[in-house]
Amino acid sequence: MNIREIEIFAARIRLETVRQIGVRGFGHLGGALSVADTLAVLYGGLMRIDPANPGWDKRDKLVMSKGHAGPAVYSALAILGYFPMEWLATLNQPGTRLPSHCDMRLTPGIDMTTGSLGQGVSTAIGLALAQRMDGHGARTYLVVGDGECNEGQVWEGALFARQQKLDNLTMFIDNNGKQLDGTTKEVMDMGDIAAKFAAFGWNVQTIDGGDAAVILQAVNAAHAASGVPSCIVLNTVKGAKVSIIEKIELNHHIQLEGEMRDSAVRECEEALEILLNSKEGA
Amino acid sequence: MAIIYDGTPEKRVYKNIFGETMEAIAASDADVVYLDADVMNSAGTLGFWKRNPRQAINCGIAEANMLGVAAGLSAGGKKPCVHTFGIFATRRCYDQAFISAAYAGNSVRIFGSDPGVVAAFNGGTHMPFEDMALMRAIPDSTVMEISDGAMLTSLMWQVKERQGLTYVRWGRKSYPALYSDDHEFVIGRGQVLRDGSSAAVIACGLMVGEAMAAAALLENEGINLRVVDMFTIKPIDREIVIESARKTGAVVVAENHNTIGGLGDAVADALLEAGVPVKFRKVGVSNRFGSVGPQPYLQEHYGLTAANIVEAVRAII
C-alpha cells in the first residue's frame, strides 16, 4: 500500500473498531483507536504475512501486548481477509472467536495471547528469538502501552532483549498519556520513556504516532539498526481521530450507545469518505 | 527393568544427571532451548551454556521474563525447557506460567529444583511446599516429581515432546536408588514398588524412599505394605489408587509438600469420587512455612520420615 492507501486502511480500522464496540455498547475504545495508524502501517504491507495462510512459519509476527486493543487488530485482520467481516459484530458475544483481549487460540492472524499486561513483551522476545534461530529474516513487532510500562516485566524484558542483541524486534510504545484511572502523570509517571529505553541500550525514536508516513519511515530506520532491539515511542491521543471519544476524560473503557455511538460512527464514515474522495498523490 | 532399592543413596547426584541429560537432549534436537535464571551452576548446566549458547540461554535473575520468553519460543516452534529453584519456577512467575504458557496453548517444560525440605540450608524463602498445588490448579497441566536418577533421565527425554505445560519437581542431590537404568516409566502411570495387603503407601519424590524404609520396619511385625511411586501427580493414576484401596482398605499418602493441594488431595479426590470405602491418612507438611536446617532435621521437624509413615499406617490398620 502507498501512504494514501495506508491512511484509508487506518480510517477503515477506526470505523470498524467503533462499530464493533458499538454492538455490545461498551469496550476498550480509547486505547484501540490510539494504535490504529500503527496497525495500518504494519498490516498495510510492511509485515511479511499471508492472510490466506495465517500459520505460515516464516511470517512476521505482531504481539499486541496491550491486549485490550484487540478490537483494532481484529478490524485490520478482517479487512485483510483473515476471517469474514461479519465476525466483527460478534465481539465478546457468547462463543465468539473475538474476545476483548487477543487470543491466539481463537482468532486467525493473532500471533500471541495477551491481556495480562507486561507479558507480551517477553513472549514477543521469545518469538523473535525463535525467528532468529530459524534464520529466515522474519521480524516481530510489539505494541506496549505507556501505562503498561508500570509493569516490572517490561523492564526485565528490556534488559534481556538488549543482552540478546535482538535486532529483529521492534517495540512501539503507545504513549497516549492515559491509563485506566487517569493520566499517566497522575497515576504512575513514567517520566521520559524514550530516555529510559535508551538507558536500557535500545535504539530509540520518538515520533508522531498519528502520522502514517512518519511511522513507516521510523520502522524502516529501526530495521537499519543492527545488534540492538528498537523502540519507537508513538506520541498518540487516546481515542484518536474520533472527537467525541477523544473528549472523554477517562476513555479507557467506555459506554458507546445511542446518539453517541451514531455520532462516532458518522464521524469515522465521513473521515473515510473524505480520504476516498481525495485524489491519488494529493 | 528392575526395582533395586536397598536404602543407600545413589552415588550420582541428580544435578549432574540433569546437566548431562539436558545437554544431550539439546544435541539431539535443534529445536530444544534451555532457559535458566542464573542458577545454571547449581543445576549442572553451566558448561552446557558455555559450549552451546544458541540452545542454552541465561535469562538472568528475572523469572517472569524467562517464562514469557519460553512461551514465545514455543509459539515460534521451539521446545523450551526452563529451570530454576522450585519456588522461583512457580510462585515467582505463576501468572506467566498460567497465561503466557498454559492459557495461550504453548508447550513449556518447567523443571523446579529442590522441593520442600531438600532446600535445607537455603531455608524458608527457598522451600517450596505448595508448588505442586499451584501447578495442579492450571488447566491441562502435567505435574511430576522425581524419586530416582533413572527416572529423571527417562522423564526428561519424554517431557521434551510433551504438549502443554509440564512441571517437573526434582532434587539436586540424590535419594536412595529405586530403579535400574533401563526401567521404563509411563507418564500418568504409578509404579508399584512392592506389593502388600495390610496398607498402601502412595508417595512421591523424597517420600518414596521413606515409604520403602517404613515397609522394611513394619515387615518384622507382619504388616505388609504396598508401596506405590506416584511420580505423576497430575493426571493422577486413578486405577492404581483405587486398586490399592480395594486391596488393602487403608491408604497413606506421603509427600514432601503441604498437605493442601498436593498428592494427598489428588489421591483423596480419586478415592472419594470412586466411592471406595477406605481408611486414609496424609503424611506431609501440615499448613506450615519452610525453615532452615539440615535435611534430616527438617524431615523430623515437619514429620516427613519413615517413622511418621509407620505411625500413620498403625493408626488406620
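## Strand E9 of chain B and its partners

In this predicted model, strand E8 (residues 199–203) of chain B pairs with E9(B) in the parallel sense, over 5 bridges. Within this pairing, Ala200(B) has Arg226(B) of E9(B) as its bridge partner. E9(B) is also joined to strand E7 (residues 191–194) of chain B, here by 3 bridges and in the antiparallel sense. In that pairing Gln191(B) stands opposite Asp229(B) of E9(B). Strands of a sheet pair through backbone hydrogen bonds, in either a parallel or an antiparallel sense.

Strand E9 (residues 225–229) of chain B is largely enclosed by the rest of the structure, because 5 of its 5 residues are buried. Burial extends to both faces of E9(B): one side carries Leu225(B), Val227(B) and Asp229(B), the other Arg226(B) and Val228(B).

## Arg226(B)

Arg226(B) is located in strand E9 of chain B. With 24 other C-beta atoms within 10 Å, Arg226(B) is buried; the threshold for that class is 20 or more. When neighbours within four places in sequence are left aside, the residues in contact with Arg226(B) are Val192(B), Arg194(B), Asp195(B), Gly196(B), Ala200(B), Ser244(B), Lys247(B) and Thr248(B). Among these contacts is Ala200(B), which is also the bridge partner of Arg226(B).

Glu184(B) is 42 residues from Arg226(B) in sequence, and the two C-alpha atoms are 20 Å apart in space.

## The largest nonpolar core

The largest nonpolar core comprises 194 residues, and Val201(B), Ala211(B) and Ile309(B) are those with the most contacts inside it. Helix H1 (residues 3–24) of chain A provides the largest share of this core, 9 residues. The core also takes at least three residues from each of domain 1 (14–170) and domain 2 (191–316) of chain B. In soluble globular proteins, nonpolar side chains tend to be buried together.

Beyond its neighbours within four places in sequence, Val201(B) is in contact with Ala211(B), Ala214(B), Leu225(B), Val227(B), Val252(B), Ala254(B) and Ile309(B). Two of the residues named here, Leu225(B) and Val227(B), lie on one side of E9(B) and are buried.

## Domains of chain B

The domain assignment divides chain B into domain 1 (14–170) and domain 2 (191–316). Their C-alpha centres lie 26 Å apart. Across the boundary, 24 residues of domain 1 of chain B are in contact with 28 residues of domain 2 of chain B.

On the side of domain 1 of chain B that touches domain 2 of chain B, the elements giving two or more residues are helix H7 (131–136) and strand E5 (142–145) of chain B. E5(B) supplies the largest share of that side, 4 residues. By class, the residues of this side of domain 1 of chain B divide into 14 nonpolar, 6 polar and 4 charged.

## Contact between chains A and B

Between the chains, 22 residues of chain A are in contact with 23 residues of chain B. Helix H5 (119–134) and helix H6 (152–163) of chain A are the elements that give two or more residues to the side of chain A that touches chain B. H5(A) gives the most to this side, with 11 residues. The composition of the side of chain A that touches chain B is 10 nonpolar, 9 polar and 3 charged residues.

## The open sheet of chain A

Chain A has an open sheet of 5 strands in the order E2-E3-E4-E8-E7, with parallel pairing. Strand E2 (61–64) and strand E7 (203–208) of chain A stand at the edges; each has a single partner strand, so one side of each is left without a neighbour in the sheet. From one strand to the next, the twist averages 20°. E7(A) and strand E8 (residues 230–235) of chain A run parallel and are joined by 6 bridges. In this pair, Asn203(A) stands opposite Ser230(A) in E8(A).

Helix H9 of chain A lies across strand E4 (169–175), E7 and E8 of chain A, and runs at about 175° to E7(A). Ala224(A) belongs to this helix, which spans residues 212–224 of chain A. Ala224(A) is exposed, with 9 other C-beta atoms within 10 Å; the limit for that class is 12 or fewer. Ala224(A) and Gly239(A) are separated by 15 residues in sequence and by 31 Å in space, C-alpha to C-alpha.

Key
Residues numbered from 1 in each chain as written. Chains lettered and ligands numbered in written order. Predicted model: local features only at pLDDT ≥ 70, side-chain atom pairs only at ≥ 80, totals over all residues. Contact = placed C-beta atoms within 7 Å. Nonpolar A, V, L, I, M, F, W, Y, C, P; charged D, E, K, R; others polar. Core = buried A, V, L, I, M, F, W, Y, C linked by C-beta atoms within 7 Å. Domains from an automatic or database assignment. Pairing = 2+ DSSP bridges. Axes fitted to C-alpha atoms, helices over the stretch in contact; angles between N-to-C directions.
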